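Here are some notes to read beside the model. They are set out as numbered points, and each point takes up one part of the picture.

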Amino acid sequence: MRGVVYDGKRVEVVEDLDVRDPGPGEVLVAISAAGLCHSDLAVVDGTIPFPVPVVLGHEGAGVVEAVGAGVTHVSPGDHVSLSTLANCGTCADCDRGRPTMCRKAIGRPGQPFTQAGRPVHQFASNSAFAERTVVKAVQAIRIPKDIPMPSAALIGCGVLTGVGAVLNRARVDRGDSVLVIGTGGIGLNVLQGARIAGASRIVAVDANPGKEAVARQFGATDFLASTDGVRDLLPTGVDHAFECVGRVELVRQAVDLLDRHGQAVLLGTAPATAEASFLVSSMFLDKSILGCRYGSSRPQRDIPLYAELYRQGRLLLDELVTETYPVEDFEKAVGDAEAGRVARGVLTF
Ligand SMILES: NC(=O)c1ccc[n+]([C@@H]2O[C@H](COP(=O)([O-])OP(=O)(O)OC[C@H]3O[C@@H](n4cnc5c(N)ncnc54)[C@H](O)[C@@H]3O)[C@@H](O)[C@H]2O)c1
Ligand SMILES: [Zn+2]
Ligand SMILES: [Zn+2]
């Protein structure tokens, strides 16, 4: 089968990939569509260290093809959106509703694939850039069949991360002010999360002025090409600042733009050894800096919720899909993403 493999030097669309059958508690999914998130590119440029060779992709949707022993919540033919959390369901963190903190869901990449007989790793317990993948039962979440697959795919990372960061981590309240730095696939979902939460002023900042129209479509009340003008709009600062790029100078700007009791939420992935600084005195007035993995999501609850909000017209998904590409055109999808021509590019199989 076809798949996108990074071998440590280059990315290639290969045709001789195989995936093993689902074992007990696993699901085999035929991928229909998968979004290209910046985190896939971060594996290739070394920002996210990952063992190679690896099948990329972690934002996908597809059709259940087979289930392993003991799997009863989905059956062949069901449409599913895939989460990246292979959480165990039996530890204290899972039990208290923090599957993103489950230690079994971090690290320890499996190797369900082979290429010409040699094992190939699975990225983010997922590897959606393959015709088929095997995931844990808990990662395959049934969605209504009327949601187009390219739209459904984006729930699995961009929506869970962006909307989740607003609703679950920051807990943005009605009337709060929100700053979103970087309006790519993640930032746009932070914007629409802030709109859903009832934020009053939602300021989007992106270095690419071409992002203004889509940022406003997703909920921005204001758009700026840099954070320089934020104090003109909100002189006392913002209640919540989301960094959605992964650059230390933007982390600093997020912290410096906080109002009293404000919080900076860090979503961007900076290189593993990058350090950021802040004025200790600037934190004095009850301010906080929050990390956020995967929108602090609970996929069993959140994916059906987002699917329903989409059907009610309250969550935009179709508008995130600027372009679809057959998987063979992976290079073109990367070029368009890097040039900022797309909200999200989606590969189809
Ligand atoms: N925390 C998590 O769980 C999680 C999950 C998914 C992605 N991520 C990370 O989130 C980040 C964003 O991912 P994405 O897929 O939205 O990326 P993207 O490439 O789609 O978007 C990045 C955006 O940032 C803008 N930008 C770049 N430099 C800027 C600057 N100096 N000032 C303002 N804007 C700037 C770009 O124009 C672009 O619109 C990445 O670092 C990614 O790895 C984190
Ligand atoms: Zn992602
Ligand atoms: Zn667990």
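1. Start with Glu328, which has a relative accessible area of 41% and so counts as partly exposed. The model is a predicted one, and the values below are computed from it. The side chain of Glu328 meets that of Arg2 in a salt bridge, with 2.6 Å from N to O. Glu328 sits in the loop between β18 (321-326) and α10 (330-338), while Arg2 belongs to the segment before β1 (3-6), so this pair ties together parts that are 326 residues apart in sequence. The pair also belongs to a network: Arg2, Glu131 and Glu328 are linked by salt bridges.

2. How many salt bridges does the structure hold? The count is 16. As background, side chains of opposite charge can pair when their charged atoms come close. Two further examples follow in the next points.

3. Glu59 and Arg344 form a salt bridge in which the closest N and O atoms are 3.0 Å apart. Here too, distant parts of the chain are linked: Glu59 is in the loop between β5 (54-55) and β6 (60-67), Arg344 is in strand β19 (residues 344-348), and they are 285 residues apart. Are these two residues buried or exposed? Both Glu59 and Arg344 are buried.

4. Asp93 and Arg98 also meet through their side chains in a salt bridge, at 3.9 Å from N to O. The cut-off for a salt bridge is within 4 Å. Asp93 has 15% relative accessibility and therefore counts as buried. Arg98, with a relative accessible area of 42%, is partly exposed.

5. Cys37 is in the loop between β4 (26-35) and α1 (38-44), and Cys157 is in the loop between α3 (149-153) and α4 (158-170), so the pair ties together parts that are 120 residues apart in sequence. Cys37 and Cys157 are both buried.

6. On the surface there is a patch of negative charge, where Asp7, Glu12, Glu15, Asp16 and Asp18 gather. One of them, Asp16, can be found in the loop between β2 (11-14) and β3 (17-19).

7. Val280 is in the loop between β16 (258-266) and β17 (288-291). Its relative accessibility is 68%, so Val280 counts as exposed.

8. Leu316 and Val159 are 157 residues apart along the chain, and their C-alpha atoms are separated by 9.5 Å. Leu316 is in the loop between α9 (299-311) and β18, and counts as buried because its relative accessible area is 16%. For Glu26 and Arg171, the separation is 145 residues in sequence and 33 Å in space, C-alpha to C-alpha. Glu26 is in strand β4, and at 17% relative accessibility Glu26 is counted as buried.

9. The last point concerns the backbone. Most residues other than glycine have a negative phi, and most peptide bonds are trans. Where is the cis peptide bond with omega of about -5°? It joins Val52 and Pro53, and Pro53 is placed in the loop between α1 and β5. Tyr294 is not a glycine, yet has a positive phi of about 55°. Ser296, also a residue other than glycine, has a positive phi near 45°. Tyr294 is in the loop between β17 and α9, and the loop between β17 and α9 holds Ser296 as well. Tyr294 has 8% relative accessibility and so counts as buried, whereas Ser296, at 22%, counts as partly exposed.

Technical notes
Residues numbered from 1 in each chain as written. Chains lettered and ligands numbered in written order. Predicted model: local features only at pLDDT ≥ 70, side-chain atom pairs only at ≥ 80, totals over all residues. Heavy atoms only, no water. Patch = residues over 30% accessible without salt bridge, like charges linked within 9 Å, V, L, I, M, F, W, Y side chains within 5 Å. Areas by Shrake-Rupley, 256 points an atom, 1.4 Å probe, with all protein chains shown as cover. Lys, Arg positive; Asp, Glu negative; His and termini not counted. Charge placed at Lys NZ, Arg CZ, Asp CG, Glu CD. Helix = DSSP H or I, 4+ residues; strand = E, 2+ residues; numbered from the N terminus. Buried < 20%, exposed > 50% of the residue type's maximum accessible area, 1.4 Å probe, protein only.
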